[in-house]
Amino acid sequence: MNKQKIIIDTDPGIDDAMAVFFAGLSEKLDLVAMTSVFGNVTLDIATRNAMVLAEILNQNVPVSEGFSKPLVQRPNPVSDYVHGKEGFGDIPARFPKAKPTSVPADKYICDLINANIGEIILCPVGPLTNIAMALRHDPTITSKVKSIIIMGGGVFSGGNVTEFAEANIWNDPHAADEVFAADWEVTVIGLDVTQKVVCAHSDFSKLANKAPVIGGFLAQATDFYIKFYKEAVGINGCQMHDPITVIATIYPDLFTYEYHPIEVCLEPSRIGETMISKDKTRRFAKVAVDVDIDAVKKIFFDTIETGF
Ligand code: BDR
Ligand code: CA
């Protein structure tokens with residue numbers, strides 16, 4: 001079976017770790033590279049953590065370092081209250097043996113897409129700065145990538161960091177708007193669906209028993225993450241934003257979609273809101289509006305359990 005090639009652009013981050021582990025362990029996916037970006041943590045921690053995830057997977061996945069700040073606005077503070085100071089809850093920093101590639105993320109993304117025309121799914125699960133810069137570097141990637149599937153926004157749900165904005169879009173709204181304005185169909189796995197998929201502490205402790213290395217890591221990291229959700233959101237579990245976005249790359253039929261042109265509000269009062277655009281020149285995005293919750297959870301836990 002030919003595996004689907006995927007690049008994950010990421011700011012690890014606890015749910016980013018879940019997404020990367022899923023991609024690394026799925027027999028349907030070939031994780032060809034990770035590119036790092038600021039967001040949940042600073043860029044240096046994001047790059048380090050991406051390499052740590054590859055090391056835990058025991059896979060030789062190249063990590064290319066991306067941008068440390070947004071295109072236009074001043075950086076927002078990191079989300080250490082959600083993901084912990086070092087990105088994986090209370091788990092102390094770990095220093096990988098690997099080094100990042102010498103080619104920076106925006107160019108690395110273009111190089112990989114040009115070397116594998118029509119074969120790569122680009123899956124950004126952090127702020128879209130690297131992707132906007134890749135588009136500026138080589139706009140032809142829009143027709144050479146197989147598809148782009150992002151975790152970001154909430155077209156109908158509203159935001160999670162402000163009333164209007166979801167974290168990844170809020171961290172670089174100008175970059176996100178460039179990505180939506182480009183000549184490709186962006187699949188949006190936003191809060192409209194990711195907030196529906198909530199996993200409890202018991203899900204991760206069961207996983208830890210069955211897959212002690214990766215399950216154990218996730219059980220420890222999600223302790224912190226679930227505390228945040230309990231205190232700040234009032235739910236008994238954590239939302240699975242980034243892993244279900246990767247799941248959507250290979251199980252698109254578990255989601256239902258609407259098609260709308262999307263733009264990002266750049267006005268200060270509602271900055272980062274993903275809105276349906278009146279701009280007739282914009283390509284329609286494929287916006288996930290519903291998800292088979294039980295199916296995506298089962299695929300996630302079965303893959304981690306059996307993959308390691
Ligand atoms: C998104 O923001 C980050 O905190 C998560 O990793 C996810 O990518 C959810 O809004
Ligand atoms: Ca993320």
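Mentor: A definition to start. Buried means under 20% relative accessible area, exposed means over 50%, and partly exposed lies in between. The model here is predicted.

Trainee: Why is serine 26 called buried?

Mentor: Serine 26 has a relative accessible area of 5%. The cut-off is under 20%, so serine 26 counts as buried. Serine 26 is placed in the loop between helix 1 and strand 2 (29-36).

Trainee: Which residues is serine 26 in contact with, leaving aside its neighbours within four places in sequence?

Mentor: Lys3, Ile250 and Thr303. Each has a heavy atom within 4.5 Å of serine 26, which is what makes it a contact.

Trainee: How do you know whether proline 212 is buried or exposed?

Mentor: Its relative accessible area is 57%. That is over 50%, so proline 212 is exposed. Proline 212 sits in helix 11. The C-alpha atoms of proline 212 and glutamate 305 are separated by 9.2 Å, with the two residues 93 residues apart along the chain.

Trainee: And asparagine 171: what puts it in its class, buried or exposed?

Mentor: A relative accessible area of 4%. Under 20% is the test, so asparagine 171 is buried. Asparagine 171 belongs to helix 7. Not counting residues up to four places away in sequence, asparagine 171 touches Phe38, Gly39, Pro70, Gln73, Asn76 and Pro127.

Trainee: What volume does the largest pocket have, and how many residues line it?

Mentor: The largest pocket holds about 390 Å³ of space. Its lining has 27 residues, with Val82, His83, Asn160, Val161 and Ala167 nearest the centre. Elements giving two or more residues to that lining include helix 1 (14-25) and helix 12 (241-250). By kind, the lining divides into 13 nonpolar, nine polar and five charged residues.

Trainee: What makes Phe22 a lining residue of the second largest pocket?

Mentor: A lining residue has an atom within 4 Å of a pocket point, so Phe22 is listed. Also in this lining are Ser26, Tyr251 and Thr303, among others. The second largest pocket has a volume of about 180 Å³. Helix 13 gives the largest share of its lining, five residues. The lining has four nonpolar, four polar and three charged residues.

Trainee: How many residues does the largest nonpolar core have, and which have the most contacts inside it?

Mentor: It has 64 residues. Phe21, Phe204, Leu218, Phe255 and Phe300 have the most contacts inside it. A second, separate core of 33 residues includes Ile131, Ile150, Ile169 and Ile262.

Technical notes:
Residues numbered from 1 in each chain as written. Chains lettered and ligands numbered in written order. Predicted model: local features only at pLDDT ≥ 70, side-chain atom pairs only at ≥ 80, totals over all residues. Heavy atoms only, no water. 1 Å grid on protein atoms, 1.4 Å probe; cavity = no way out; pocket = protein on both sides within 12 Å on 5 of 7 lines; lining within 4 Å. Points joined across faces, edges and corners; volume = space filled by probe spheres on them. Helix = DSSP H or I, 4+ residues; strand = E, 2+ residues; numbered from the N terminus. Nonpolar A, V, L, I, M, F, W, Y, C, P; charged D, E, K, R; others polar. Core = buried A, V, L, I, M, F, W, Y, C linked by side-chain atoms within 4.5 Å. Buried < 20%, exposed > 50% of the residue type's maximum accessible area, 1.4 Å probe, protein only.
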